[in-house]
Amino acid sequence: MRTSGKNGRVSNAEAAANQPASPIKLGILTSGGDAQGMNAAVRAVVRTAIRMGADPYAIYEGYQGMIDGGDGIRKFGWEDVGSILHKGGTIIGTFRSKEFRERAGRLKAAANLVDNGIDHLVVIGGDGSLSGLDMFRHEWGSLLEELVETGRITREQADAHPALMIAGLVGSIDNDLVGSDMTIGADTALHRIVSAIDDLASTAASHQRSFVVEVMGRHCGYLALMASIAGGCDYCLIPENPPAEGWEERMCAELKRGRDAGRRDSIVIVAEGAQDRQGNPITSEYVRSTLEQRLGEDARVTILGHVQRGGTPSAYDRWASTWLGHEAVKEVLSAKPGGEGMVMSFRGNRVGTVPLVEAVANTREVPKLIEAGDFQGAMKLRGGSFTEMRSIFHEMAEPSRVDVDAQSKRIAIIHGGGLAPGMNTAARAAVRLGISRGHTMLGVREGFPGLRDGKISELHWGDVEGWTADGGAELGVRRTVPPTEELYSISRSLEDANVDALLVIGGWNAYRAAYLLHSERDRYPAFNIPIICVPASIDNNLPGSELAIGTDTALNVIVESIDRIKLSGSATKRSFVVETMGRYCGYLALMGGLAGGAERVYLHETGTSLGDLYKDMEWLRGSFRNGRKLFLAVRNERASENYNTEFLANMLTEEGKGQFDVRQAILGHIQQGGSPTPFDRLLATRLVSRALNLFDEGWESSKPQSWYLGLSEAQVAHQPLAHMMEHIDPTFRRPLGQWWLQLQDVFADVSYEPSTPEHSSL
Ligand code: ADP
């Protein structure tokens, strides 16, 4: 797999220099089932194409638009894809074209593309659409030959388009493409499902009732499994991993054990393609009647259906689809005639490519393996983290024990730094997984000051019931890093409570506190225990992790706020300056700007110069004169000490000279609140599980190891705490390398109209 990042980037100037005299014409279409985030991809493809000197053409109603030609193929300009980021579905329509499956249909499609001079195509769809695309590319030469022979096109026309260059993007809420961690729409679908589960859980708990929830996924259990973990559900049935015979009895026994241990409700998730080992479908109705008959429960079925496809896309589906669309254009513009068609993939927070034929073949292999009863093979194709999450779910739902034994290790959980949504999810996962693995789990109340004061108590399996969906931190959190004079009291508290290990779930100051304790272990023997830091901070400024727990939730709050702010200005001509949190880390500002559709982003990392602001104002005045109605700038709270939000708003007011009015919105603490997103819940669960593994691996060591861990290109990796200072910038409180800064190029290409002067800081 090739990975395209900043270094591999073809600059706009280079791309332009490589262009033939007449611009390349690039078609974009969406096909098959719709998925939230398709619009973000369409927007990115259109704008990147324009920025790179190509002419984008929207093809309406999928492949059918190509077959019908005429008005179904339209040249698109910059503004044609304005204000669509927040919309679900696809503005250019999608269709399941029967005609395209036949050569006769593809012949018409080829003729219409040639008429329009289009021989570059970006298609967003599922595996069906992509295999159709590859067939079309393959046949292109022979289709054009036939068109020449029948006199439909001239030889010159055919010679001008010797090959069809393609790139595919996977739009599928099922997340079923083998070779990509995520597909367009899957994250939003998960948002819809988890929010429905949260709602059901509250009513189920009130009535002590059982719910069976059916989610989409004919051959792929991604949505069902991830929703089960993120929603704190109790049993899950997926196609790839059918339960062994007698599962009905085991399921009921398990649900009963959960109830006995303190659960107030039972929620079973069933993927629509769930089946038993003999291949017989397991329907949600069958599960319901089983619960009713065997447990005497009042069970209800909720089939979520198409709401999973609907609604506004999540922040992730906007920024990731934008990035994918951007890279697809680079891929298709640099594709060689006769070369293999590529699908853009998303692996470990990076966009790469996988050969289209291979990706489709592997994806189609999964249902075949399931049908053949090779469930291990099917799970293997789904990848390592899917299998890992499957076993984590098992452990959380079906713990090997809910009572601790006396010999167990005592692990204390503590929060520190600023509040981050998902802290509760992480603490709950730590308690349940820790107990299941034989440990005694302790909770430290009120952060490091609480530890100093000995506020440590045991947490039982049932104590953390209902914490999954709650924002905030039930254990309490404080920003304080303990001063040296408090270390003695802290060491006494750890000794008094017989703490064997410390699990620190928090942000910058929590990491500093953990580092301090670790550094002082020779002086205070009580600190000579394994300490592991798990990143939880909306700022996303922690070393060793590309994403921290809470960051995705904050980003979604920002993007939802921007949607509303934009709507509030839709009736007039208005400029907005939105200020995000993040301290000196610009992640929320850049990603918020990218996902919210901002025209400018101001970050501390790149600085804000008067020269840049001057150029921005020049451009903005011209743009409003040309009909612009809305301008949005997103500014990190510490982007510049003096060119602050108020300054920017005043400057816009002054320089706008009454052409538009100006509003500023400082989003503030709403970014720290709210129920954690599915991504944050899953990240919390996965990281905590790995932290507990690390403790288990380290008990035997005479010199206990301490780590900070996190996501590094999709893998959970850990680094020694002793070396943490080498990887951070202590002045600006952020890691030395920040992966997401490469997205500035993407931002510039989708936000800077071609008339925009080049920016020195971006
Ligand atoms: P998805 O792309 O979501 O998997 P489908 O499998 O229904 O959805 O495919 C969408 C469209 O892609 C089809 O209606 C058809 O136009 C085209 N298509 C799918 N498979 C092929 C194929 N084997 N040959 C040609 N076109 C195909």
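Me: Hi! What share of the 762 residues of the chain counts as buried?
Reply: Of those 762 residues, 63% count as buried. Buried means under 20% relative accessible area, exposed means over 50%, and partly exposed is in between, with a 1.4 Å probe and protein chains only.

Me: And what kind of model is this?
Reply: This is a predicted model, where local features need pLDDT of at least 70, side-chain atom pairs count only at pLDDT 80 or more, and totals for chains, interfaces and linings use all residues. Residues are numbered from 1 along each chain as its sequence is written, and side-chain values use heavy atoms, leaving out hydrogens and water.

Me: Thanks. How many helices and strands does the chain have?
Reply: There are 24 helices and 25 strands. These are DSSP runs numbered from the N terminus: helices are H or I with at least four residues, strands are E with at least two.

Me: What about the radius of gyration of the chain?
Reply: The chain has 27 Å, which agrees with the value near 27 Å for a compact globule of 762 residues. That radius is taken over C-alpha atoms, and the globule rule is 2.2 Å times the number of residues to the power 0.38. The C-alpha trace spans about 90 × 70 × 45 Å along its principal axes.

Me: Switching to the ligand: which residues are closest?
Reply: The closest are Arg 96, Ser 97, Gly 126, Gly 128 and Ser 129, out of 16 residues that surround the ligand. A residue is near a molecule if one of its heavy atoms lies within 4 Å of it.

Me: Where does the largest share of that shell come from?
Reply: From helix H5 (residues 127-149), with six residues.

Me: How far is Arg 96 from the ligand's oxygen?
Reply: A polar side-chain atom of Arg 96 is 2.8 Å from an oxygen atom of the ligand. For Ser 97, a polar backbone atom lies 2.7 Å from a ligand oxygen. The protein covers 83% of the 550 Å² of accessible area that the ligand has on its own, by the Shrake-Rupley method with a 1.4 Å probe; for residues, only the protein chains shown count as cover.

Me: One more: is Arg 106 buried or exposed?
Reply: Arg 106 counts as buried because its relative accessibility is 5%. Arg 106 sits in helix H4 (residues 103-116).

Me: Which residues is Arg 106 in contact with, beyond four places in sequence?
Reply: Among them are Glu 99, Met 135 and Glu 139, where contact means heavy atoms within 4.5 Å.

Methods: A polar contact is a pair of N or O atoms within 3.5 Å; within protein, one must be able to donate a hydrogen and the other to accept it, and residues adjacent in sequence count only if both atoms are side-chain atoms.
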